[in-house]
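Dear colleague,

Please find below the structure that I am handing over to you.

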Amino acid sequence: MSTPLRAGTENCASPEKGEISSEMEKQADELVTRYPVSKRSAVLPLLHLWQETFGYIGPRGVEWIAKRLSLQEIQVLELVTFYPWFRQRPYGKFHFRVCRTLPCALGGAGKTFAALQKLMNLKADGHEGAMVSEDGRFSLEYSECLASCGTAPVILRNDEFYEKVDEKKASELVAGCK
Amino acid sequence: MNPWNHDVAKDEKDLIDVQVDGVWMQMPRGLNVVEVAHRSKKFIPHYCYHPKLSVVGNCRMCLFEMGTPKMGPDRKPILGPDGKPEIAWMPRPQIGCATGVTPGMGIRTDSALVKDCRNGVMEFLLINHPLDCTICDQAGECKLQEYSVEYGTGESRFVENKVKKPKNVDLGERIVLDDERCILCSRCIRFSSEVGKEDVLGFVNRGSHSTLTAYPGKRFDHPYSLNTVDICPVGALTSKDFRFQMRVWFLKESKSLCTSCGTGCNITVGSREGKVHRLTPRENEAVNSQWMCDFGRLNFHYLDSKDRLTRPLLQAAGQQFPGTWADAIQRAAEGLKKVKPEEMAVVASARLTNEELFVLKRLLAELGVTRVDGVQNLGQADSFLRSGDGNPNSRGAELLGLSSGGRKFSGWGEEIVSGKIRGLFVLGGENVIPAGISASALAKLEVLIVSGILQNETTRAAHVVLPAAASAEKTGSMVNVHGRLQRMTRAVAGPGEAREDWMILRDLREACTGGNSLHSVEDVWKAMSMEVPAFTGMSWAKIGDLGVQLESSAQAVPSITS
């Protein structure tokens with residue numbers, strides 16, 4: 001894997017405007033070279049690159065990738081909307097994913113989720129995907145199996161993995177967000 | 001060349017034995033099972049499969065039961081008592097659209113398994129469907145409706161809530177989308193990508209939330225966009241021009257030609273009670289495949305224009321008054337004889353049919369008039385079907401020796417001013433003023449006879465106006481820019497007293513010269529096939545619905561060659 005890019009704002013003033021850093025351009029070019037048969041195959045890696053850099057994929061991301069790969073925007077948007085991993089709007093600084101596949105559901109994932117929602121003061125806002133707090137600090141969504149059924153319920157806080165998260169542990173995790 | 005001609009085998013002569021519903025027959029190797037069934041007079045229902053588009057296999061409606069020859073220990077097929085291979089049937093169904101036939105293949109199109117599969121697919125497709133057939137334009141030609149009757153159960157076990165999706169979406173200038181009716185076959189997406197060469201449409205979201213859409217801010221305004229309405233198997237894509245106008249089962253369908261350019265796309269005219277409601281492409285692989293441009297498709301509203309000429313008009317004291325056909329023909333005949341033949345000029349429009357032009361040719365020969373030409377009408381050529389020639393029958397007029405494509409015509413304005421031309425007979429509703437004859441020159445003419453469809457500056461200046469039928473209102477033949485002789489049949493009668501030009505010319509000829517041997521289109525053809533070398537041996541019946549190639553293609557056919 002290539003080295004991770006620096007924080008989003010250093011690559012571009014904002015995800016929706018400003019010049020993209022040459023470093024990001026270089027990384028995108030490198031990703032495209034991995035698919036010599038069909039450039040189109042580089043859509044997913046570029047979508048990941050954009051989301052890792054800016055946190056979400058808005059219209060500009062779609063258009064930037066489409067142009068780079070000589071695709072129509074709709075061909076990129078199809079993928080963005082197909083995979084729940086891709087976000088079309090910014091999520092919170094601390095993004096929580098609560099597994100809700102059967103073992104976790106039986107292990108009390110619903111209670112954990114409700115506790116987190118209350119702690120973060122989140123309301124369903126009608127959007128697809130995660131709920132996001134007004135200050136942009138927290139976001140919360142269910143996910144499918146995180147592959148640790150023996151320690152249900154499990155959650156992800158950003159890229160950190162936590163097991164047996166009951167209501168008490170949930171409040172500790174929220175309190176630990178600095 | 002369309003890379004997806006699935007209805008044509010790679011090699012039609014490479015035949016193999018296949019069994020369809022118990023009957024052994026010979027079919028081209030590799031032809032897909034939907035087409036094999038079709039050729040065996042069977043039918044495998046399908047939604048997403050279209051012979052002119054890529055295969056995606058997403059609707060699952062064409063499931064069939066498949067078998068392969070049983071193999072013996074010697075790796076040779078075990079033969080049954082009839083000498084044909086015994087077939088081992090697979091427990092799971094296959095999709096017909098993406099399965100090419102191989103030697104000894106068994107196909108069952110109506111077994112219990114197949115029926116069960118279709119039933120299941122239908123039930124799934126209808127889960128989120130709004131079932132609003134009563135207000136849906138597609139009703140009557142809807143595959144969902146037809147297959148429900150044929151292969152469905154008639155009732156649903158679904159008790160949950162249907163997924164809500166966007167309705168009345170303004171997809172483009174000519175198209176409205178109802179996403180709840182969409183069954184996600186993707187034919188429209190493939191058409192715009194593969195035939196239209198422009199990806200505007202796509203599916204966003206997934207599962208039961210999948211939604212057909214254009215990219216936000218982009219419009220589906222492709223010049224061939226309305227073909228997607230034809231190939232949409234349900235009522236999701238509808239034509240703004242046609243929707244809510246007429247129930248399709250009331251439409252009378254007449255085989256005709258599009259006359260908006262020189263390509264001569266084959267069309268079906270849908271009409272009811274004398275009114276044309278829509279034009280749709282009619283398949284002809286030598287001309288337009290299954291497509292036509294939006295411009296040609298919508299270019300029929302002039303038929304009901306308030307500017308239509310519906311009665312003969314005669315000029316008296318500088319004003320035009322309605323008159324009878326008898327008077328109009330007599331006045332026109334007098335006019336044609338009033339000036340010397342060498343002082344007469346005739347615009348033999350390349351919008352007329354061969355038959356009309358032939359009767360005109362006879363008339364002019366008898367009168368001794370030789371100054372005759374067509375008028376150039378430039379069209380807007382594109383890289384697909386539209387031709388740069390705006391006249392539908394330029395080749396016909398040339399083959400009949402009546403047109404040089406407007407070269408002679410270009411000098412007539414001056415000849416009128418100088419007094420060399422004193423009489424002008426304009427046919428086919430050509431407006432000669434924009435074509436190069438000034439209004440003051442027209443005013444100088446002693447005789448101006450015009451047959452036309454819509455009022456224009458030329459008809460208003462005429463001494464005699466003969467109201468003529470438009471293309472959907474007449475029967476005749478034309479030769480397209482590729483040298484293909486094709487015929488059109490009348491869908492509706494002309495408005496008021498408007499008549500087909502060949503009848504006008506027949507009567508005019510009778511009044512002028514007494515010649516009266518041409519009384520029907522068949523009569524005209526008999527005479528024409530003897531006199532016009534290009535039409536030797538041809539007859540009205542021989543042209544058929546798909547036309548006949550007269551000469552090797554004068555121009556390349558982009559839809560076929562590229």
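The C-alpha centres of domain 1 of chain B and domain 3 of chain B lie 58 Å apart. The domain bounds come from an automatic or database domain assignment, which divides chain B into domain 1 (15-110), domain 2 (160-304) and domain 3 (313-472 + 496-537). For chain A, the assignment gives domain 1 (8-82) and domain 2 (94-175), and the centres of these two domains, taken over C-alpha atoms, are separated by 29 Å.

Please note that this is a predicted model, in which local features need pLDDT of at least 70 and side-chain atom pairs count only at pLDDT 80 or more, while totals for chains, interfaces and linings use all residues. Residues are numbered from 1 along each chain as its sequence is written, and chains are lettered from A and ligands numbered from 1 in the order in which they are written.

Chain B as a whole

Chain B contains 17 helices and 24 strands; helices (H or I, at least four residues) and strands (E, at least two) are DSSP runs, numbered from the N terminus. Along the principal axes, its C-alpha atoms fill a box of roughly 95 × 55 × 35 Å. Of the 562 residues of chain B, 48% count as buried. A residue is buried if 20 or more other C-beta atoms lie within 10 Å of its own, exposed if 12 or fewer, and partly exposed in between, with C-beta atoms placed from the backbone. Two residues are in contact if their C-beta atoms, placed in that way, lie within 7 Å. Among the contacts in chain B between residues at least 6 apart in sequence, 68% join residues at least 24 apart.

The contact between the chains

Chain B brings 10 residues to the contact and chain A brings eight. On the side of chain B that touches chain A, strand 9 (residues 201-204) gives the most, with four residues. That side of chain B consists of six nonpolar, two polar and two charged residues. Here Ala, Val, Leu, Ile, Met, Phe, Trp, Tyr, Cys and Pro count as nonpolar, Asp, Glu, Lys and Arg as charged, and the others, Gly among them, as polar.

A three-stranded sheet in chain B

Three strands of chain B form an open, antiparallel sheet in the order 12-13-14, where two strands pair if DSSP finds at least two bridges between them. Strand 12 (252-257) and strand 14 (275-281) of chain B are the edge strands, each with a single partner, so one side of each has no neighbour in the sheet.

Six bridges join strand 13 (residues 266-272) of chain B to strand 14 of chain B. Among the partners, Arg272(B) is bridged to Lys275(B) of strand 14, and Ile267(B) stands opposite Pro281(B) of strand 14. These two strands form a hairpin with two residues between them, and Glu273(B) in the turn has a positive phi of about 45 degrees.

Helix 14 of chain B

Helix 14 (residues 501-513) of chain B has 13 residues and should span 18 Å at 1.5 Å a residue, which agrees with the 18 Å between its end C-alpha atoms; the expected span is 1.5 Å times one less than the number of residues. Its buried residues include Trp502(B), Ile504(B), Leu505(B) and Leu508(B), as well as the charged Asp501(B) and Arg506(B). The buried residues of this helix pack against several elements of chain B, among them helix 7 (325-338), helix 8 (354-367), strand 20 (447-452) and helix 15 (521-531). Just after helix 14 of chain B, Gly514(B) takes a positive phi of about 80 degrees.

Backbone points to check by eye

Most residues other than glycine have a negative phi, and most peptide bonds are trans. Lys41(B), which is not a glycine, has a positive phi of about 65 degrees. Lys41(B) lies in the loop between helix 1 (33-39) and strand 3 (63-69) of chain B and is exposed, with 7 other C-beta atoms within 10 Å. Arg75(B), also not a glycine, has a positive phi of about 60 degrees; Arg75(B) is placed in the loop between strand 3 and strand 4 (87-89) of chain B. In chain A, a cis peptide bond joins Ala152(A) and Pro153(A), with omega about -10 degrees.

With kind regards
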